[in-house]
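Biologist: I am new to reading models like this one. Could you walk me through it?

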Amino acid sequence: MTTTPLIAADNLTFRYRPGNLALDGATLAIPAGTRVALVGPNGAGKSTLFLHINAILRPLAGQLSYMGRPYRYSGEFLAALRQKVGLVFQDPDTQLFAGNVLDDVIFGPMNMGLTAGEAVRRAEAALEAVGMLDQRTAPVHFLSQGQKKRVAIAGVLAMDPEALVMDEPTAGLDYPGLTSLKETLTMLHTAGKTLLVATHDIDWAWGWADLVFVLAGGRTIAAGAPADILARADHAELGFARPVLAEVAAALGERSILPAGAVPRTAGELAALLAGRKGGQ
Ligand SMILES: Nc1ncnc2c1ncn2[C@@H]1O[C@H](COP(=O)(O)OP(=O)(O)OP(=O)(O)O)[C@@H](O)[C@H]1O
Ligand SMILES: [Mg+2]
């Protein structure tokens, strides 16, 4: 028996202008509660696919569904969908529009019909989670790119959606920003949220994702567990670097220091494999 995915995109086609297909057979199936990474080269169609998942764009052909129900493009359906599926745009300037940080993050919860008090509570908790609470009165246009990115993430967190779709959330973040984002993602996963992240950070995806999709030329060209996809020897043809840990494991495998095909997902797992081998000698 197969379970119905929370979000599914089936064979989507889309073009922004004549002659150039941005999506050309994009297919995804996102099981509820999973951590999913979408990888692929620049121009692969990742952001375009995300705009379809949030129904900002509508496919020329193909279909999307949420919990098995096909997307409709009525106002009612879209409002409900966007409460359940929160999208963090690649460029925070596309997302942020209010004068100051708190007003921007409050907008979503207020729009959902929450009381002002509850909206403020949600917005402040979200800003706290991304480390921006102390800047809540700052004008948005005075923030750095990384700070804007954090506020854009807070705007989606404050709506408490079932699924969070984030377009390169790690891009441009400093070490503390990255650390708090990772903690937030862990907290969201533990709370049962479904997480779909487009990223060029293969090392991060390697340790984080349950499932990986590879997009190239608007088409899904590979899908599966990180060990089956990201460690592939033909990664360069698929358009991404192999994770450092997979490279190290492969090099140690060639020297018979690790069993061939060992795929440590963390430095700790690599150390355990090495220690186990030493112990076994
Ligand atoms: N607003 C737009 N108008 C016209 N063409 C666009 C627009 N946005 C994207 N495209 C084109 O659609 C294709 C897919 O772009 P998209 O932004 O979805 O790629 P991406 O995988 O997100 O890339 P990146 O890794 O650079 O973010 C590209 O050929 C791009 O030039
Ligand atoms: Mg993009």
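Modeller: Gladly! A residue is near a molecule if its C-beta atom, placed from the backbone, lies within 6 Å of it. This is a predicted model, where local features need pLDDT of at least 70, side-chain atom pairs count only at pLDDT 80 or more, and totals for chains, interfaces and linings use all residues. Residues are numbered from 1 along each chain as its sequence is written, while chains are lettered from A and ligands numbered from 1 in the order in which they are written.

Biologist: Which residues are around ligand 1?

Modeller: Among them are Tyr16, Arg17, Asn42, Lys46, Ser47, Thr48 and Gln90. Helices (H or I, at least four residues) and strands (E, at least two) are DSSP runs, numbered from the N terminus. Strand 1 (7-17) and helix 1 (46-53) each give two or more residues to this shell, and helix 1 gives the most, with 3 residues.

Biologist: Where is Ala55?

Modeller: Ala55 is in the loop between helix 1 and strand 4 (61-66). Most residues other than glycine have a negative phi. Ala55, however, has a positive phi of about 60°.

Biologist: Is Ala55 buried, exposed or partly exposed, and why?

Modeller: A residue is buried if 20 or more other C-beta atoms lie within 10 Å of its own, exposed if 12 or fewer, and partly exposed in between. Ala55 has 19 such neighbours, so it counts as partly exposed. Met67 has 12, so it counts as exposed. Met67 also has a positive phi, of about 50°, and is found in the loop between strand 4 and strand 5 (69-70).
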